[in-house]
Amino acid sequence: MPYRAPLESFQLILDQVVGYDAVAATERFAEAGAETVQAVMAEAGRLCEDVLTPTNRVGDQNPAVLENGVVRTPPGFADAYRAIAEGGWVSSSADPEHGGMGLPITLTTAVNEMMSAANMALQTGTLMTQGQIEALENHASDAIKDLYLPKLISGEWSGTMNLTEPQAGSDVGALTTKAEDNGDGTYAITGQKIYITWGDHDMADNVCHLVLARIPGAPAGTKGISLFLVPKFIPDEAGNPGERNGLRVVSLEKKMGTHGCPTCVMSYEGATGWLVGAEQGGIKAMFTMMNNARLGVGAQGVGVAEAATQAAIAWAAERKQGKSSTGTIDGHADVRRMLAEMRAETFTARSIALACAVAIDMQTATGDAEWAARAALLTPIAKAFGTDTGIAVSQLGIQVHGGMGYIEETGAAQFLRDVRVTAIYEGTNGIQAMDLVGRKLADGGEAAFALLDEIEECAESVRHDHPMLAEPVWQAAETLRETTEALVARDPADRQAGAVPFLRAFARVLGGYFHLKAAMARPDGPEARLAAFYITRLLPEHTGLCAQARAKSDTVMALSPEDLAA
């Protein structure tokens, strides 16, 4: 089934749910008003529908390959990438000083979602470049910015991030890649990196790697890590790709999904690199890129969820099995339940991602500390819940398809295979949850309580007109408040066993809030009926999740590895 960009859903959420009007009202983003939003979304939607979607199955069935040291992408990928680049979509939020559109992150997030729905394997490459652009904008020297940013923004060159090593996954501080000073302002980078997304390909003229490495004599652990820009081809005096650098692709990973995306094992053999930011400031600089990518990855999950939902709805409207009110399986109550859950969860995850993006834009435009805290709070929720939703909705999509969902020709299985990795990369969802109960509650829960105040005020204001919807949302927010208070009072190490259910409970309550706002905006529309489904059937899960979050960690840690192996 061809993908259709959900422009109406985006418009409703931006206008009525997440308060995008506040972004457009700032001086920074004054030109990104309603007309611009509609034009941007419509044009990006057409690109996704007409150009990117046809390449999705092609990439799955014709994986990227490494031939004689050259990485070759699937048929049609280069043309699709060229259309992305020529349209300015590689990084629409980049600084206009270097050729970017300067659009709000909110619009880029929406576009990233649509591109992920159309072809997640291809979109992952642009997502990596977006993150590199932001890292360079914030931390690189003017010389590096002037040379690299225009090429990256135009899509002539692409970017990657190199963190992981065979012995250093989430524990980045265990890396062994070294950077030796050449004495001329450059460093010789030596080491091996794994899982490098779009580490090489034939679609751009140069591939620029951001590599974490340790300068000899630097402290052990994360404190001693620096960040380096290491291009595939060293730019010549005119800024064009010149001499081949000392790096190569050792192999491509054979993956469960995203087959069109080359995931590389990279070897750096005295490769020339340039320091980005301060010595031993690598983690700070890399986290700029990773935070950008975390929201982007959450949007990837939402995009695949949307595509899986559309495919399941179309299948259920045609498949005839048994007697039903519609004559097809979408008339059966359980199938209708699954479709409603897919649609409700996708709406929730999309709203959370866009709310996070709005907070980032408001922080950028105003410098307000409260917006910064809101953005920080929502980032791990957007990443974890967005990707969990992509997985769960894709799983339901297979179930709706029945036996044909397990057969590759329908494409239902590809959604699950592609999206599964999103819960792992850019910090596993467990790490996101631990970040939420750790760093994000380090303010005593102030940012969390401010958001809960907003939810309760909204529910209180419409209790009279929408009691069946507003009352459960208010009560859920109050339960989450009590749980947050309990966690804040607890030792941070004791919060971790309940971190994942706490994050999910937070997302559940946010979902109730956003569905309520959509129902208020269109009380006679399908949004109100979907809100009733969510608030009646999905929101109650927060009770059990909060109970899990409040449980002491000893119920988990008392089970020894030997107990579990018995």
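A residue is called buried here when its relative accessible area is under 20%. With that cut-off in hand, we can walk through this predicted model, starting with its strands and then turning to its helices.

Which strands pair with strand 6, and in what sense? Strand 3, made of residues 157-162, pairs with strand 6 in the parallel sense over six bridges. Strand 7, residues 225-231, pairs with strand 6 in the antiparallel sense over seven bridges.

Is S158 buried or exposed? Its relative accessibility is 4%, so S158 counts as buried. Leaving aside residues up to four places away in sequence, S158 touches Y81, T129, L152, H201, A204, N206, V207 and C208. S158 and Q123 lie 35 residues apart in sequence, while their C-alpha atoms are 12 Å apart in space.

Strand 8 (residues 233-235) and strand 9 (residues 241-244) run antiparallel and are joined by two bridges. Within this pairing, F233 stands opposite R244 in strand 9. The hairpin has five residues between its strands, and G239 takes a positive phi near 85° there.

Positive phi also turns up in residues other than glycine. One of them is Y195, which has a phi of about 60°. Y195 belongs to strand 5, residues 187-197, and its relative accessible area of 52% makes this residue exposed. Another is Q280, with phi near 65°. Q280 sits in the loop between strand 11 (263-276) and helix 7, and with a relative accessible area of 38% it is partly exposed.

## How the helices pack

| Helix pair | Angle between axes | Distance between axes |
|---|---|---|
| Helix 5 (residues 105-139) and helix 6 (residues 142-154) | about 160° | 10 Å |
| Helix 7 (residues 282-318) and helix 9 (residues 369-401) | about 20° | 7 Å |
| Helix 13 (residues 467-488) and helix 16 (residues 526-538) | roughly 40° | within 10 Å |

Let us begin with helix 5 and helix 6, which pack at an angle of about 160°. Angles over 145 degrees count as roughly antiparallel, so helix 5 is roughly antiparallel to helix 6. Helix 5 passes helix 6 in a left-handed crossing. On the helix 5 side, the contact is made by T129, Q132, I133, L136 and E137, and on the helix 6 side by I144, K145, Y148, L149, L152 and I153. By class, the residues of this contact divide into seven nonpolar, two polar and two charged. Two names from this contact, T129 and L152, are also among the residues that S158 touches.

Helix 7 and helix 9 pack at about 20°, and are therefore roughly parallel to each other. Their crossing is left-handed. The contact of helix 7 with helix 9 includes 13 nonpolar, twelve polar and two charged residues.

How are helix 13 and helix 16 oriented relative to each other? Their axes cross at roughly 40°, which makes helix 13 oblique to helix 16. This crossing is left-handed as well. M468, L469, P472 and V473 in helix 13 meet A531, A532 and I535 in helix 16. The contact has seven nonpolar residues, with no polar and no charged ones.

E460 lies in helix 12, residues 446-461. With a relative accessible area of 43%, E460 is partly exposed.

How values were computed:
Residues numbered from 1 in each chain as written. Predicted model: local features only at pLDDT ≥ 70, side-chain atom pairs only at ≥ 80, totals over all residues. Heavy atoms only, no water. Pairing = 2+ DSSP bridges. Helix = DSSP H or I, 4+ residues; strand = E, 2+ residues; numbered from the N terminus. Axes fitted to C-alpha atoms, helices over the stretch in contact; angles between N-to-C directions. Parallel < 35°, antiparallel > 145°, perpendicular 65-115°, else oblique. Left-handed = near helix turned anticlockwise from the far one by under 90°. Contact = heavy atoms within 4.5 Å. Nonpolar A, V, L, I, M, F, W, Y, C, P; charged D, E, K, R; others polar. Buried < 20%, exposed > 50% of the residue type's maximum accessible area, 1.4 Å probe, protein only.
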